[in-house]
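Look at the structure below and follow its strands one at a time.

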Amino acid sequence: FPAGTDFDPMLFMQIMPKIGHSGWLGMAYSGHGAGWVELALPYDAKLVGDPASGIIASGPIISLMDNATSMSVWTRIGRFVPQATLDLRIDYMRAATPGQTIIGRGECYKVTRTIVFVRGIAHDGDPDDPVAHAIGTFMATDGTYT
């Protein structure tokens, strides 16, 4: 997506698996609206950190939340803007259930000229019982958000 063009997260997730690590992880588009995006991370044994537990490692969940929150910015402002993750904090609340798809929902809740603020949750079937919570900031690297 060239900078400044309309952003469609469903189309973006059709392209990214061909060129980005999200494809290797198996991330897929799940849904979106004004200022939010949901991505799915299907269970895959290659993503398990400890084979004895069957629990997906933290790295793929961090990547899921980075992608979902980043894309939420572009749905909020309606266009693609190159950006860098300034800060992304992930608080784990419990282990993901082995065998379950993890859903990452990112929301952009504040936009300034060059900084945006995001939050989100990752869950494996019940949004009221999250696996992790995320909060962070991104910075426009090529212009501004507004």
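**From a strand pair to the sheet**

In this predicted model, strand 6 (residues 102-111) pairs with strand 7 (residues 115-123) in the antiparallel sense, over eight bridges. Three residues make up the hairpin that joins strand 6 to strand 7. Two positions show how the strands line up: I103 stands opposite H123 in strand 7, and K110 stands opposite F117 in strand 7.

Strand 7 also pairs with strand 8 (residues 132-140), in the antiparallel sense and over eight bridges. Here I121 stands opposite H133 in strand 8. Strands of a sheet pair through backbone hydrogen bonds, and the pairing can be parallel or antiparallel.

These strands belong to an open sheet of six strands, in the order 1-2-6-7-8-5, with antiparallel pairing. Which strands stand at the edges? They are strand 1 (28-33) and strand 5 (83-92). Each has a single partner strand, so one side of each is left without a neighbour in the sheet. From one strand to the next, the twist averages 20 degrees.

Helix 3 (residues 58-77) packs on this sheet. The helix touches strand 1, strand 2 (36-41), strand 5, strand 6, strand 7 and strand 8. The direction of helix 3 makes about 40 degrees with that of strand 6.

Another feature lies on the surface. L11, I15 and I19 form a nonpolar patch there, with about 280 Å² of accessible area together. L11 is placed in helix 1 (residues 9-19). With a relative accessible area of 38%, L11 counts as partly exposed, because that term covers values between 20% and 50%.

Definitions and conventions:
Residues numbered from 1 in each chain as written. Predicted model: local features only at pLDDT ≥ 70, side-chain atom pairs only at ≥ 80, totals over all residues. Heavy atoms only, no water. Pairing = 2+ DSSP bridges. Helix = DSSP H or I, 4+ residues; strand = E, 2+ residues; numbered from the N terminus. Patch = residues over 30% accessible without salt bridge, like charges linked within 9 Å, V, L, I, M, F, W, Y side chains within 5 Å. Areas by Shrake-Rupley, 256 points an atom, 1.4 Å probe, with all protein chains shown as cover. Salt bridge = Lys/Arg side-chain N within 4 Å of Asp/Glu carboxyl O. Buried < 20%, exposed > 50% of the residue type's maximum accessible area, 1.4 Å probe, protein only. Axes fitted to C-alpha atoms, helices over the stretch in contact; angles between N-to-C directions. Contact = heavy atoms within 4.5 Å.
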